[in-house]
Amino acid sequence: MISLIGNRPAIQVGRHQVIHYDTSWLGTALRRAATAADRQDFPFVDEIRLGIEQYLENKCPLRLLPLDDLFDRMRHMLVRIGCETIADKLQPLAPPVTLSLPRLAKDAGNGFELAFFNALREELNHLRAAGAEEIRFTGLRECAQMLRGTDKWDSHCDQLLLEIRTFLDNMDNERHRSLRPMRLRLDTER
């Protein structure tokens, strides 16, 4: 059984499910839509966000809610309150997604670093297309050890760890230049 915060459904973002989330990202999406609709004076962002939060916790019958469905419901609600221009500009924005690097390493197989980096790039592109802008990575050290195929940390693991960090830094910098930037964050390690 999955323990959810309050009674909120998990949010489906591409192939990933986000279980623990706050709703600040919904406010960000609404503010962006208001700005894009040239409605900087739109005062109801917090009230709408709280209404959506209340819906998620008390009225949503689903245990898993696709991100696109949530934003379709938000658009419908905006139209019902007379904010069609903002509804037209509303773009899906996902809550922060956590990506397990050891899972990608396991899928790539021991010693298949090139396959790992290709899978990681593909996963980031897929998440970005699904509306994710903030991605948190876990298990960096474990990932390096798995890819090196060793149980004991060594200098080769150090080198691979540096390569993974550099790859993610480069992807992060590349994304910041695009229309919809991503923030890639590594969990701190021991």
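Modeller: A crossing of two helices is left-handed if the near helix is turned anticlockwise from the far one by less than a right angle, and right-handed if clockwise. In this predicted model, local features need pLDDT of at least 70 and side-chain atom pairs count only at pLDDT 80 or more, whereas totals for chains, interfaces and linings use all residues. Residues are numbered from 1 along each chain as its sequence is written, and side-chain values use heavy atoms, with hydrogens and water left out.

Colleague: In which hand does H5 pass H6?

Modeller: H5 passes H6 in a right-handed crossing. Helices (H or I, at least four residues) and strands (E, at least two) are DSSP runs numbered from the N terminus.

Colleague: At what angle do helix H5 and H6 pack, and how far apart are their axes?

Modeller: Two packed helices are described by the angle between their axes and the distance between the axes. Axes are lines fitted to C-alpha atoms, for helices over the stretch in contact, and angles run from 0 to 180 degrees between N-to-C directions. Helix H5 (residues 101-108) packs against H6 at about 130°, the axes being 8 Å apart. H5 is therefore oblique to H6 (under 35 degrees is roughly parallel, over 145 roughly antiparallel, 65 to 115 roughly perpendicular, the rest oblique).

Colleague: Which residues in H5 and H6 meet?

Modeller: Leu 101, Leu 104, Ala 105 and Ala 108 of H5 meet Ala 115, Phe 116, Ala 119 and Leu 120 of H6 (contact means heavy atoms within 4.5 Å).

Colleague: In what order do the three strands of the open sheet stand?

Modeller: The order is S2-S1-S3, with mixed pairing (strands pair if DSSP finds at least two bridges between them). Strand S2 (16-18) and strand S3 (64-66) are the edge strands, each pairing on one side only. Direction ignored, neighbouring strands of this sheet are turned by 35° against each other on average. Strand S1 (residues 10-13) runs antiparallel to S2, joined to S2 by three bridges, and Ile 11 stands opposite Val 18 in S2. Helix H3 (residues 67-80) lies across S1 and S3, at about 70° to S3.

Colleague: Is Glu 133 buried or exposed?

Modeller: Glu 133 is buried, because its relative accessibility is 2% (buried is under 20% relative accessible area, exposed over 50%, partly exposed in between; 1.4 Å probe, protein chains only). Glu 133 occupies the loop between helix H6 (113-130) and strand S5 (134-138). By contrast, Gln 159, in helix H8 (residues 155-176), is partly exposed at 42%.
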